[in-house]
Each structure stands twice: as C-alpha cells, then as structure tokens.
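Trainee: Could you take me slowly through one part of this model, the pockets and the residues that line them? I would like to see how the pieces belong together.

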Amino acid sequence: MESCLIEDKKTFYSKAELYWKEVPPTVDGMLGGYGSISSIDINGSKKFLQKFLGEGQGKTGTGCALDCGAGIGRITKRLLLPLFRTVDLVDVTQEFLDKARSYLGEEAKRVENYFCCGLQDFQPQPERYDVIWIQWVIGHLTDDHLVEFLRRCRSGLRPNGLIVVKDNVAYEGVIPDNVDSSVCRDLNVLRRLVGRAGLNIICEEQQQNFPEEIYQVHTLALR
C-alpha cells in the first residue's frame, strides 16, 4: 500500500532517525508539542489494558512488558511500571534512552534492558513478555517490516500474552509525513497488516478527549 509513497527504504529510515535526533528529550518532545495530552493518553491506556490483566483463564500476566518506541520512558513510567514487575525499553535514539534512566527515577531499577535499535531490526527474546506495547511508532515501519515485526513480537509473548498497538489512524488510505518520515494508515489497512502477521484483533477502541485537530487515535489488542 505504501510502496508508492516509500521509494527508498534506507532513506525512509535514516530521515526518521535524523528527525528524532533533533527532538528534545522531554515529554513535550515525545508528543510533538502536545505534552498536555499525556495524562489523558495514559489514563485511557490504563483503562484499556487493565481489562486483560490479572489471574484466571485467558488473563495476561504482569511479569514483564516491552515498551516499543519508548523514547524517554513516558509510557514506561506512568503506565507499565505501575502494572508490571519489570519493563524493557527499545528506541532508535540513544539520547532518549540515556534520558530515561534519570526520568524514571527510583523505579528505573525495575527496567532490565534498554535496547537502542530500530523496530525493523529488533528481535524480542522468545516468550519473554506478557505485554508488548507499541505506541506512536508503527508509522515509521514499512508495511512489510511492520508485518515482520508483529510476527517477531508474537514469538516474544508468554502464554496469554498481548500485543497492544496504539497509534494515529487516517480517515482513508495511507498519508505520508515528510517531516518525520512516517506514514499514517487507515484502520482497514492496519487490520489487513495485522492479519498478514497471523494475529487477531481481540479488542479495539478509539481514544477519547484528544484535541480535534490531531488524527484519531485507536488502540488495538492483538493475540
């Protein structure tokens, strides 16, 4: 779908890396100037995620989570560390991961790994994670690389583990962003890619109370 929009994959990825290297390692930087929505975002994510966690048949454990495109650890700090015993972070920008060590404060001792790597190359350890959280980063992957990454994530899950994708969705088709070298896909495109990865959408919700001028944001739980 995005092949006509992304002619050179190497340039697509390198431009994104350069873009993020110029972004300040702050919450506002992570959210493109919309730092004020952070609490709304986290509260919505927590409400969504807690439906799946706990004891009993089919419930997802709370041992270890992976924060993909983690940046300085905003989601790790406010969503994942309060719910999981340990968390790993992966991000393509080393400066963000360095900042995360201080931003997370005392709770940083429960972060086991900081992986500096693009998701197109990242290989989760098999059967390590109860939840793999992927937020505002899939637009930096080509269709094929997103499918391959989701397949690798599936093998990285523990029994009853869960992959959560939370991201902007376009109203129709695929919209390129030449500023940060990304694409925004509509829900039908995203659903097809999830299916190609051999995963099922078990829950899907739209984030409420975000500013009207930004893209709709949807959260998908995958198994």
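Mentor: The lining of the second largest pocket divides into 2 nonpolar, 8 polar and 4 charged residues, and in this predicted model the space within that pocket comes to about 200 Å³. Its lining has 14 residues, and those nearest the centre are Gly44, Lys47, Glu205, Gln206 and Gln207. Helix 3 (38-49) and strand 8 (201-206) are the elements that each give two or more residues to this lining, with the largest share, 6 residues, coming from helix 3.

Turning to the largest pocket, you find a volume of about 1,200 Å³ and a lining of 46 residues, where Trp20, Trp136, His140, Asn168 and Asp180 lie nearest the centre. By class, this lining holds 27 nonpolar, 11 polar and 8 charged residues, and helix 1 gives the most to it, with 5 residues.

An unreviewed UniProt entry lists several residues under "binding site", among them Gly69 and Arg74, and both of these belong to the lining of the largest pocket. Glycine 69 sits in the loop between strand 1 (64-68) and helix 4 (74-80), and because its relative accessibility is 28%, it counts as partly exposed. Leaving aside neighbours within four places in sequence, glycine 69 is in contact with Val90, Asp91, Leu119 and Val137.

Arginine 74, by contrast, lies in helix 4 and is buried, because its relative accessible area is 4%, which is under 20%. Its side chain makes a polar contact of 2.8 Å with the side chain of aspartate 41.

Conventions. Residues numbered from 1 in each chain as written. Predicted model: local features only at pLDDT ≥ 70, side-chain atom pairs only at ≥ 80, totals over all residues. Heavy atoms only, no water. UniProt positions renumbered as here; feature names shortened; annotations may be inferred. 1 Å grid on protein atoms, 1.4 Å probe; cavity = no way out; pocket = protein on both sides within 12 Å on 5 of 7 lines; lining within 4 Å. Helix = DSSP H or I, 4+ residues; strand = E, 2+ residues; numbered from the N terminus. Buried < 20%, exposed > 50% of the residue type's maximum accessible area, 1.4 Å probe, protein only. Contact = heavy atoms within 4.5 Å. Polar contact = N/O pair within 3.5 Å; in protein donor to acceptor, adjacent residues only side chain to side chain. Points joined across faces, edges and corners; volume = space filled by probe spheres on them. Nonpolar A, V, L, I, M, F, W, Y, C, P; charged D, E, K, R; others polar.
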